[in-house]
Amino acid sequence: MASMKSYNKGITKIQTIILLIVVLVACGVGYFIYLQLAPKPTVVKYPGVIVYVRPGEPLSFDPAYETWYGVREIVQNVYETLVFYDGASADKFIPLLAESWYVSPDGLTWVFKIRQGIKFHNGEILKPEDIEYSLERCIIQDRAGARAFLLTYPLTGIPTVRAVNFSDIDKVREVGMTIDNAIESNATHVILHLKFPYPPLLSVLCQSWFSAMNKKWCVEKGDWPGFNKSDPTTYETWPRWNNPRRENLPHRFEMCGTGPFMLESYTPATQTVLKRFNDYWRGPAKIERIIIEYVQEWSTMKLMLQTGDADMILASAAHYAELTGMEGVTYYELQSPLIWYIQFNFAVSPDSPFIGSGKLDGNGIPPDFFANPDVRKAFAYAINYDRIVKEAFSSKLRPSNHFNLIGLPYYWEDAPKYTYDPDKAVYYFKKAYNGTLWNVGFKFTLFYTAGWPEVRTTFSEIKKSIEALNPKFQIELREVELAASVQYFTANQWVIEMDGRKPDMADPHNHAYMFYHSTGTWPLYQHYSNPEVDELVDRGLKTMDPSERAKIYKRLSELVFEDCPSIVVVQVTERWYQRTWVKGNPYYNPMFVGPFFYGLEKGG
């Protein structure tokens, strides 16, 4: 009997424990269901304001001058262009400041009818004359490294007005009159007269460099006064405003556009504040203010997004994994035409602090070190691209072309490309300088801008790969602030530069010209020139037959592979991260350089 009581007592304890577990599980399930079904409190920070955080800082707000995305994303929200992209399409367009346009049968005359009653932020009414002035101003300013050439060449037949001999007054006058006659306006229209048919024109006119500025406001600030047919001296004096120094821009940190937001304030190295323009012609934006914070530390940016102190951040691909799955945060992803590439400097300034002794003596490199094609090829084969893509980027796309991109016309999938091949790298290093380079070695420094982990990681991998080939090869890395980086670059003191960019139009000519034509942006900086390349780039633009263009760009790919003035490292997939309470997708077009804030709002 005693044993039976003990047994019954044990059963009671087991039943009690099981019952308790069941109750606890039931409560847990019930609470979980409650959490899922119950309305969640959503505390939207700073209603009516979007806080966007990114590294870097603007050096001016001049739309014709600046190419950095951090400025252009501001410009596209403050200024407007004649036409704009149609939704997600990169090659279809809708009217913006122009309500319609007409193209002559021969493709040489484009007539844009300008909308009436549109206000600038200073209260002035937009006139066709303002657009004529803005386009001409961009062409005559023609800042080295900017994008005036996209319009200069088809309108004047001159790749860049910087190439004009300014001491030849007759030539200066002739070029001034050519520009003035190529762009005309009347009370209702703007007319463009092209030298040759130019299929990418609408794509070019979408870009921030060709934004409409208020002529009266610009002139009052001390800017170029414009051409005047009744005053011939204006055709001779325009070079005074050509390629100005950034610190001499007449309205460096001021803006006056027609867009949905206007500049309220700028605090150097800290923030830019845009406020809603209530007289915007398409109706006021839903957001009252845009605060763009400039933060260089990744940990701070991440924390601001996590706590809701930032609504959006610009995150590098190296940090995507840290953000994906973060509570209250979402992202938009698109296959971007953004590429990262490296450029070699063929003629470094002899006073560069990055070339050591400046000689091939093991303690430095000569200024023309990368003018040697064997050196360039040795570096091209020594780079471990797969490791760079894995460590620095989330994308696995590596274009097989040198200037054209996956998804753009005339992309040649089987084009030759450089791959990681240490044996070939050693071969070219030993071939360079008849063996002296391999025996003596070299030493130089690569600098990179703080806040750009892609560049830091890539340069670190280049250093690792190169130094593994020969202990006499030495590459030092140095992190510098943006202002110092710009100064070193402007002074031509850089050795290898890495940058990321999107094409300015959905056409292979853009990168073909910028990367390889002797008057293109990068060859001018690099001191690279190849007459056959120039001829192919020029012919590719003017050839209307698609099959002939394909042959031209195929041959061009072969030539630039052999020359190797630059290397495309990766074509990335971009992600844009933001809080879920930001409604609307500002990144629907792959050609956008950053957020387009009009139409966005904040809510629970």
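Visitor: Strand 9 and strand 10: do they pair in the parallel or antiparallel sense?
Guide: Antiparallel, over five bridges; strand 9 covers residues 271–276. Two strands pair if DSSP finds at least two bridges between them. Helices (H or I, at least four residues) and strands (E, at least two) are DSSP runs, numbered from the N terminus.

Visitor: Where does the model come from?
Guide: This is a predicted model: local features need pLDDT of at least 70, side-chain atom pairs count only at pLDDT 80 or more, and totals for chains, interfaces and linings use all residues. Residues are numbered from 1 along each chain as its sequence is written, and side-chain values use heavy atoms, leaving out hydrogens and water.

Visitor: Back to strand 10. Which residue is the bridge partner of Thr272 there?
Guide: Ile292. Ile292 also stands opposite Tyr52.

Visitor: And how does strand 1 pair with strand 10, parallel or antiparallel?
Guide: Parallel, over six bridges. Strand 1 is residues 49–54, and strand 10 is residues 289–294.

Visitor: Zoom out. How many helices and strands does the protein chain have?
Guide: The chain has 20 helices and 18 strands. Its C-alpha atoms fill a box of roughly 125 × 70 × 45 Å along the principal axes.

Visitor: What percentage of the 604 residues count as buried?
Guide: 56%. Buried means under 20% relative accessible area, exposed over 50%, partly exposed in between (1.4 Å probe, protein chains only).

Visitor: Which residues have the most contacts inside the largest nonpolar core?
Guide: Leu192, Phe379, Phe442 and Phe444, in a core of 187 residues. Strand 12 (residues 329–344) gives the largest share of this core, eight residues. A nonpolar core is a set of buried Ala, Val, Leu, Ile, Met, Phe, Trp, Tyr and Cys residues joined through side-chain atoms within 4.5 Å.

Visitor: What is Phe379 in contact with, leaving aside neighbours within four places in sequence?
Guide: Phe344, Phe369, Phe370, Phe429, Phe442, Phe444, Ile466, Ile475 and Ile496. Contact means heavy atoms within 4.5 Å. Ring pairs also link Phe379 into a cluster, with members including Phe442, Phe444, Trp438 and Tyr433.

Visitor: What is the phi of Tyr433?
Guide: About 55 degrees, positive although Tyr433 is not a glycine. Most residues other than glycine have a negative phi. Tyr433 sits in the loop between helix 13 (422–431) and helix 14 (436–440). At 25% relative accessibility, Tyr433 is partly exposed.

Visitor: And Asn492, buried or exposed?
Guide: Buried, at 16% relative accessibility. Phi of Asn492 is near 60 degrees, again a positive value in a residue other than glycine. Asn492 lies in the loop between helix 16 (482–490) and strand 15 (496–501).

Visitor: Rings next. How many aromatic pairs does the structure hold?
Guide: It holds 56. Take Tyr133 and Trp224: their ring centres are 5.4 Å apart and their planes at 15 degrees, so the pair is stacked. Rings of Phe, Tyr and Trp (its six-membered ring) pair if their centres lie within 6.5 Å; planes under 30 degrees apart count as stacked, over 60 as edge-to-face and the rest as tilted.

Visitor: What does the Tyr133 and Trp224 pair tie together?
Guide: Parts that are 91 residues apart in sequence, because Tyr133 lies in helix 3 and Trp224 in the loop between helix 7 (215–220) and helix 8. Tyr133 is buried at 2%, and Trp224 is buried at 1%.

Visitor: What does Arg137 touch, not counting residues up to four places away in sequence?
Guide: Asp62, Ala64, Met213, Asp223, Trp224 and His251. Arg137 lies in helix 3. At 1% relative accessibility, Arg137 is buried.

Visitor: Why is helix 2 described as largely enclosed?
Guide: Because 10 of the 10 residues of helix 2 (residues 69–78) are buried. Among them are Arg72 and Glu73.

Visitor: What should the 14 residues of helix 5 span?
Guide: Helix 5 (residues 169–182) should span 20 Å at 1.5 Å a residue, and its end C-alpha atoms are 20 Å apart, which agrees. The expected span is 1.5 Å times one less than the number of residues.

Visitor: Which residues of helix 5 are buried?
Guide: Val172, Val175, Gly176, Ile179, Asp180 and Ala182. They pack against helix 3 (128–141), helix 4 (149–156), strand 6 (183–185), strand 7 (189–193) and helix 8 (234–237).
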